[in-house]
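Let me put the model up and we'll walk through a few spots.

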Amino acid sequence: MVIIIFRVLLVIAIALLIYTWIQYLKNPERKLRLSQENKEFYLFDEQNNNKKNFQLTYKGCLFIGEKYLGTTEDAFEVVDIHVTVKNPLELRGLTREDLYFLEQEILIHYPHASVTWKHPINELIITEITKE
C-alpha cells in the first residue's frame, strides 16, 4: 500500500514539474527578457487590456508604451500611444529608421493610434528633421 501511494505521489510530482517547466517556457516576460538580451524585436502586449502598458524590445533597448483610449467613428479604440525608453543609455546606435520601424509595428496593432515619442527619443526625431 505504501509503495502505491509513493508511486502516485511520484507521478504527481513529475507532472507538476513538467507543467511548471512548460509555463516557464511560455512566459512572455521571459521571452521579452531573452529578446532584449539577443537584441531582437519582440512586442509584449495584452491588446484586450487597455489599461496595461505594452513593452517592446528592439536592438537591446526596452521601450514602454502607454495606451490611451478614445473614440473613433465606430467605437472606442486606443487612439494615443506615448512611448518612452526604460534606460536611455540603451538608445546608443538606434537611428531614425529604427524608430520608424517601431512606429509601423505599433500601428499594425493599433491602427487608429497616433504615436508620441517621449524624451529623449523625440530629440532624435526633431534633430534629424531640422538637419534635412
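So, Trp21: it counts as exposed because its relative accessibility is 54%, where exposed means over 50%, buried under 20%, and partly exposed in between (1.4 Å probe, protein chains only). Trp21 sits in helix H1, residues 2-26; helices here are DSSP runs of H or I with at least four residues, strands are E runs of at least two, both numbered from the N terminus.

Quick caveats: this is a predicted model, where local features need pLDDT of at least 70 and side-chain atom pairs count only at 80 or more, while totals for chains, interfaces and linings use all residues. Residues are numbered from 1 along each chain as its sequence is written, and side-chain values use heavy atoms, with hydrogens and water left out.

Now the inside. The largest nonpolar core has 20 residues, and Phe63, Ile81 and Trp117 have the most contacts inside it. A core here is a set of buried Ala, Val, Leu, Ile, Met, Phe, Trp, Tyr and Cys joined through side-chain atoms within 4.5 Å. Strand S4 gives the most to this core, 4 residues.

Then there's Lys67, over in strand S3. Buried or exposed? Buried, because its relative accessible area is 7%. Its side chain makes a polar contact with the Asp45 side chain at 3.0 Å. That term means N or O atoms within 3.5 Å; within protein, one must be able to donate a hydrogen and the other to accept it, and residues adjacent in sequence count only if both atoms are side-chain atoms. The backbone oxygen of Glu46 is 3.2 Å from a polar atom of the Lys67 side chain.
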